[in-house]
Every structure is written in structure tokens, then in C-alpha cells.
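Please keep the sequence and the model at hand while reading.

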Amino acid sequence: MTERLSDVTTGTDTSAAGRDSEAPDSEALDTGRTTPDADAYAGSRQTTEGTVYTVTGGDWDEVLAEAAGDERIVMNLGPQHPSTHGVLRLVLELEGETVTQARSVIGYLHTGIEKNVEYRNWTQGVTFVTRMDYLAPLHNEAAYCMAVEKLLGITVPQRAQTIRVLLMELNRISSHLVALATGGMELGALTGMTAGFREREEVLHLLEFLTGLRMNHAFIRPGGLAQDLPEGAEQKIKDFIKVMDSRLPDYDKLLSGQPIWRNRLAGVGYLPVDACLALGITGPILRSAGLPWDLRKVDPYCGYENYEFDVPTSNAADSYARYLLRLEEMHQSLRIVRQAVDNLTPGPVMVADAKVAWPAQLTIGADGMGNSLEHVRKIMGQSMESLIHHFKLVTEGFAVPAGQVYVPIESPRGELGYHVVSDGGTRPMRVHVREPSFVNLQSMPAMCEGGMVADVIASVASIDPVMGGCDR
């Protein structure tokens, strides 16, 4: 056995076959010349510094050429991968670095929100829908409440309408900042990430001041709002606008003209307008393909027809165009916020109908929420009827006439629509959401197939899917 082993101290083969083999050409070793067989795998050329050898790796190039088109690798990207937001699984079939097939696997964040809403009264449903697209909670609240109000046949007070617009546009800015920041993180632009989240904190601080919560506010309620804006809100909003006006141009300096950022995004994730329409794609993806479809313009709600703003579009239909559009949409949202602050007029923020207005007469207490002391004194010490009404309204809720409606709005990701069905009771019979992340994710294979693996990350970032809404 031992005589067949190699001599590990010298690296020479001491087996019988090795001992019988011819020694290498000593002259070739001394002079740097190679044997004729070696020239095929290590060609040489003379330079002023001496002989340079080019090693091709033997016959490996021929082996690869014969196997090309036959060997494919299936790779799972996620669901735990940071660039898939931790809850989206992409199954990619690769040929080298080229994606030949791409499939998305969803459901890792499934919460059953649509079904849960059926077991709560109409007002309690707000606390569920606000958690769907958790980057655009106020848009979900507004669309759901508008559907309930359409079934009830009620009109929300003007001040509440204006505040809804104000909150939704602030929420649009924070959502686009996350899209920009996470896209920067996924592509290695870490300064873009830190800057994006820095500005988002400014928005969330403002929303916390206005509504009491940073996210999942449950502030927009059927019939209006949970409460009015706190004292000093207008000045806080104006201060925020000044900060954002000074910081948003920095993104153009940092990213828009940066060659690496442009090269990673330009021409990547191409999806023309006909493909968008065939797949039902809306939002910045559709507008990046040249179609100025924005429900705030084409089907106004909450008084958007009274605001002056532009709908930016592009014909590039790629990831870079979507980045530029989101950046410009933040400028337009600030423009709307300015007008909304100027349009704020004194008045109620909840309908006068006491059978719908729940919870009524709120004020901000030490905990950020709570009934006013005057209201508590009345229902607890002066009017048994008020206490009974309050108790029934809180526990049972109000009844909504039988019927069904569909109400769409323009969320940061596209058309967010609520199809709400009532059987005449105090709970929804059915709430189904046309969620833009779910629909837009269909475009992922069309964007990615035929491109490189690295471009998959850029394409998914440009789609900006929020899996809480996708898996609702």
C-alpha cells in the first residue's frame, strides 16, 4: 500500500507509474521554454521584462462550449435575502449569470387581514387595513373609509377632506423615501440609504405629532377623522416643508448624475406601456412607460381636483426612470401639502350624525388619545341615554345599508382599490383589496428574464413591492 502513495515531502509521484515516467526536459526548465504540448495551454510571448505566459486552463474552454445551453442552475433568492425585503422568494433559473426564467413565491407574510375584517365592526376594520401596506397606512385607511362612506351615503366635512389629503401626501413622501433608501441599500449606495431613512424620520416625526402614531395610525375613520389636528400643526408642517425643500435636491447631487447609479439602473427592468396595460400595472411603473395615469387626476377624490400639481412621466420605461419619477413625485406632494395647509379652514372633522361618529369628542391626553373630560362627565354622570348609546356604538358599531362598492385611490405604488360588500349589518360581509404590490409583482419575470442576476435586484427595487399588502 505504501509504495503506491506519493512522496508528500517532495511532491513527486513515487508510485510504479510515476517512477517509470520520463523526467521533464531539464533544458526547458532552465531556459523557460515549454514543451510543444504545453504551448496549447500556456502560450507565451516575449516582452522587455521577459517571457509572459497566458494560461487558458487546459481544455476547459472546450468543455464549457460543449455544455453551453445544457447546464442550468435553479437559484432561490430569499425569502430571507435583504434585497427581497425579507419576505419575498424569487426562484431564478440561470444560465451562467443570465436569468432564463424567474418566478415569485409569495405568502411568507400572510396575515388574513381581509378575512379578519369580517369579524370586526366597520370602525374596527380601520385598525386592520392600516397594517396591509405598512408603508402607506393612511392610504389604506382613506380608501377603506371612503368605501364605507359611499355605502352609508354620507359626505365627510371639508376640513376632514383637506386633512386626509395632507396626511396622504406626507405618507406618499415617506413611502417613496423608503423605496429610494432600500433601493440604494440593495445596490450598494449606502449613503443613499442613510439619507433616505434620515428624511423619512422627519416625516414620521411629523405624522406622530399630527396623529399620535408613527405608523398604523387608525386616524382616518368612517365619517371623518378620529380627532382634529393638534395646536401648532400648521407651523410644524411648514417647518417640515422647508427641511424637505433643502434636502431633496441633494438626491440629484448624490445619485441622479452618479455614473455607477445610472449604469446600474438605466436600461434595466424595461417594461413598455403595452406590457404594463396587459399586466394591469399602475403607479410609477406605468408612468415611467409614458402613460400619465394618476387617479388623483383622472378620477379625483377628496377634492384633489382643486389642487395644482403635475403628473411626471417618462418614456424610458426602465428602473432609472422610476427612480427619477419617485423623486419628482415627492416634490409634487410637497406642492400639494403647501396648498392643503393654506386650505385648512375651521370646522368639524367628523360627520354630525351621532350614530356614525365614533369615537366621538376625542382630545389628545397624556397618552396621545382619550375621551375629553367633558364627554366623560356627561355620559357617566348626567345622561344614561348617552352612556347606553356610547356603549352600543363602541361594542356593536353602526349598521351599513346592504350593497357593494368599489373605491380606488392612488397609493404610492399605484391603484389601491377597496371592494366592500355589506349585508346591512354592523360588520362587513366582504372586504377585498385590489392591492398594487400584488398586481405589480407580476411584472417581475417580464423585467428580469434575459437580464443578469444583479439586474434582478435593481428591477425588484424599482417595483417597490410591500409584502404586507401583497400577502394581506
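## Terms and basis

A residue is called buried under 20% relative accessible area, exposed over 50%, and partly exposed in between, with a 1.4 Å probe and protein chains only. By this scale Gly347 is partly exposed, because its relative accessibility is 36%.

The model is predicted: local features need pLDDT of at least 70, side-chain atom pairs count only at pLDDT 80 or more, and totals for chains, interfaces and linings use all residues. Residues are numbered from 1 along each chain as its sequence is written, and side-chain values use heavy atoms, with hydrogens and water left out.

## Residues in loops

Helices (H or I, at least four residues) and strands (E, at least two) are DSSP runs, numbered from the N terminus. Gly347 belongs to the loop between H15 and helix H16 (373-381). Its C-alpha atom is separated by 6.1 Å from that of Arg159, although the two are 188 residues apart along the chain. Leaving aside residues up to four places away in sequence, Gly347 touches Arg159 and Asp228, where contact means heavy atoms within 4.5 Å.

Asn216 is placed in the loop between helix H9 (190-211) and strand E6 (220-221). Ala317 lies in the loop between helix H14 (295-298) and helix H15 (319-343), and counts as buried because its relative accessibility is 2%.

Two strands are said to pair if DSSP finds at least two bridges between them. Strand E3 (residues 73-77) pairs with E4 in the antiparallel sense over five bridges, and Leu77 has Leu90 as its bridge partner in E4. E4 also pairs with strand E5 (residues 98-105), in the antiparallel sense over seven bridges; here Glu93 stands opposite Gln101. The hairpin of E4 and E5 has two residues between the strands, and Gly96 in this hairpin takes a positive phi near 70°.

Side chains alternate along strand E4 (residues 89-95).

Three strands form an open sheet in the order E8-E9-E10, with antiparallel pairing. Strand E8 (403-411) and strand E10 (430-434) are the edge strands, each pairing on one side only. Strand E9 (residues 414-422) and E10 pair over five bridges, with Val420 opposite Val431 in E10.

Helix H7 (residues 137-152) packs on this sheet and touches E8, E9 and E10; its direction makes about 150° with that of E8. For such angles, axes are lines fitted to C-alpha atoms, for helices over the stretch in contact, and the angles run from 0 to 180 degrees between N-to-C directions.

## Residues of a pocket lining

A pocket is an open set of points on a 1 Å grid over the protein atoms alone where a 1.4 Å probe fits, with protein on both sides within 12 Å along at least five of seven lines; lining residues have an atom within 4 Å of a point. The lining of the second largest pocket includes Met146, Glu149, Lys150, Tyr301, Cys302 and Val407. H7 gives the largest share of this lining, three residues, and both H7 and helix H8 (158-186) supply at least two.
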